[in-house]
Amino acid sequence: MNVSTWQTIYECAEKWIFEAGELLKQSFTEKRTITYKSNFSDLVTDMDKKVEKFFIGKINETFPEHKILGEEGFGDEVTNADGVVWIVDPIDGTTNFVNQQFNFAISVGIYENGEGKIGFIYDVVRGELFHCMKGKGAYLNEKKLPALENTSLNEAVIGINATWVRPNTRIDHHRLIPIVKNARGTRSYGSAALELAYVACGRLDAYITMRLSPWDFAAGIILIDEVGGIVTTASGDEINVLDKNSIFAAKPGLHESILKEILR
Ligand code: IPD
Ligand code: CA
Ligand code: CA
């Protein structure tokens, strides 16, 4: 596809994200309908569904040949990465949306034949839009984000959820203790998309989590790549963008040292 087509896709995505953000802001005064998915902490609201359907309607109308992978399942059954695929998380951080009305984001990653092309993560309440088009740099609103530079673990602030530092089925939690012990600090925001955006803009030096779905990381990994950060699975393998993965995102150098000295 040529450059002007990608520019059109970019502009449409940006416009729809702002419109979806308005829907979410307006919803704050209404009573929410909350249902549970796999367990009592796995929430979905009427707004997750409404926003996903909003994107699907717009994308289908404007780019009928594109495929859509959405968390709430209203999109397509995407079985391969061929063509243009929009990967949409209508609300990343639904628990925060319900409990805090803060610290959640809309995440949209657009891929062509498996390659990340466009990433948008929109923190609706703070009015922070993280965005990028492959090869053109990453931005926080109008500000271009600088390339990430190495930092040492003892100067680093690491995004990690406490879940992974207690016994769990995904990793021997003892292996993560040196990260918590040796880092300057750890943080958990409850929105993987925001945590990845924070790695891209340097608020976090790294983020590690043992299980995310494509819609949680699709946009974030494009943003981080655009500023020279490294994203792999927690064992250092390449991410399969259509699968659940563990995710380890970090500044270059820091990624290598944590992987070599702690995770492997
Ligand atoms: C969740 C958030 C959370 C992460 C979970 C995700 P959701 O997404 O990103 O931070 O730890 O694994 O499922 O359900 O709020 O869209
Ligand atoms: Ca999510
Ligand atoms: Ca979600």
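Visitor: How many Å separate a polar side-chain atom of aspartate 89 from an oxygen atom of ligand 1?

Guide: A polar contact is a pair of N or O atoms within 3.5 Å; within protein, one must be able to donate a hydrogen and the other to accept it, and residues adjacent in sequence count only if both atoms are side-chain atoms. Here the distance for aspartate 89 is 3.3 Å. This is a predicted model, in which local features need pLDDT of at least 70, side-chain atom pairs count only at pLDDT 80 or more, and totals for chains, interfaces and linings use all residues. Side-chain values use heavy atoms, without hydrogens and water, residues are numbered from 1 along each chain as its sequence is written, and chains are lettered from A and ligands numbered from 1 in the order in which they are written.

Visitor: Which backbone atoms lie at such distances from an oxygen atom of ligand 1?

Guide: A backbone N or O atom of threonine 94 is 2.8 Å from a ligand oxygen, and a polar backbone atom of glycine 190 is 3.2 Å from one.

Visitor: How much of the accessible area of ligand 1 does the protein cover?

Guide: Accessible areas come from the Shrake-Rupley method with a 1.4 Å probe. Of the 380 Å² that ligand 1 has on its own, the protein covers 74%.

Visitor: Which residues surround ligand 1?

Guide: A residue counts as near if one of its heavy atoms lies within 4 Å. Among those around ligand 1 are Glu71, Asp92, Ser191 and Arg211.
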